[in-house]
Amino acid sequence: MKTNTFARLRDKGGAALGFYFSESDPSIAEIACLSGFDYLRIDLEHTLLSASKLKQVLRICDAYGVPSLVRVADLHSITAILDFGASGILVPNVETREQAMDCVRRCKYAPAGERGMG
């Protein structure tokens, strides 16, 4: 079973040091993981990272036990990004309770949410 790395970070206390990843070269993610960062924040809102490169970055994070937070460009990509193996999702421009609840529904499996299993 996969370890909840965010719970591990929370339990260690203190500040967590993250690396902002917006590159197209997955080897940069591996360097960041080997450098001791506590998590990677992967930006898909302001970059053109392809799905195949994102999968590589997420596999690298998983292999090194480094949590990955992916900032999405839109709500429609949440399910695929979680299926790729992201540890968490960051959604920009959420301003209302209804928008926040929509984001949560997209992240959770039925019956609590809209995410499907195939």
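Which residue forms a salt bridge with E114? In this predicted model, E114 pairs with R105, the closest N and O atoms being 3.6 Å apart; a salt bridge is a side-chain nitrogen of Lys or Arg within 4 Å of a carboxyl oxygen of Asp or Glu. Residues are numbered from 1 along each chain as its sequence is written. Local features need pLDDT of at least 70 and side-chain atom pairs count only at pLDDT 80 or more, while totals for chains, interfaces and linings use all residues; side-chain values use heavy atoms, with hydrogens and water left out.

The structure holds five salt bridges. R105 also forms a salt bridge with D102, with 3.8 Å between the closest N and O atoms. These two residues lie three apart in helix α5 and are therefore separated by about one helical turn; helices (H or I, at least four residues) are DSSP runs, numbered from the N terminus. R105 is partly exposed, at 33% relative accessible area, whereas D102 is buried at 17% (buried, under 20% relative accessible area; exposed, over 50%; partly exposed, in between; 1.4 Å probe, protein chains only). A network of salt bridges links D102, R105, R106 and E114.

The buried residues of α5 (residues 97–107) are D102, C103 and R106. They fall within an arc of 100° seen down the helix axis, so they line one face of the helix; the arc is that of the directions from the axis to the C-beta atoms. The buried residues of α5 pack against α4 (78–84), contact meaning heavy atoms within 4.5 Å.
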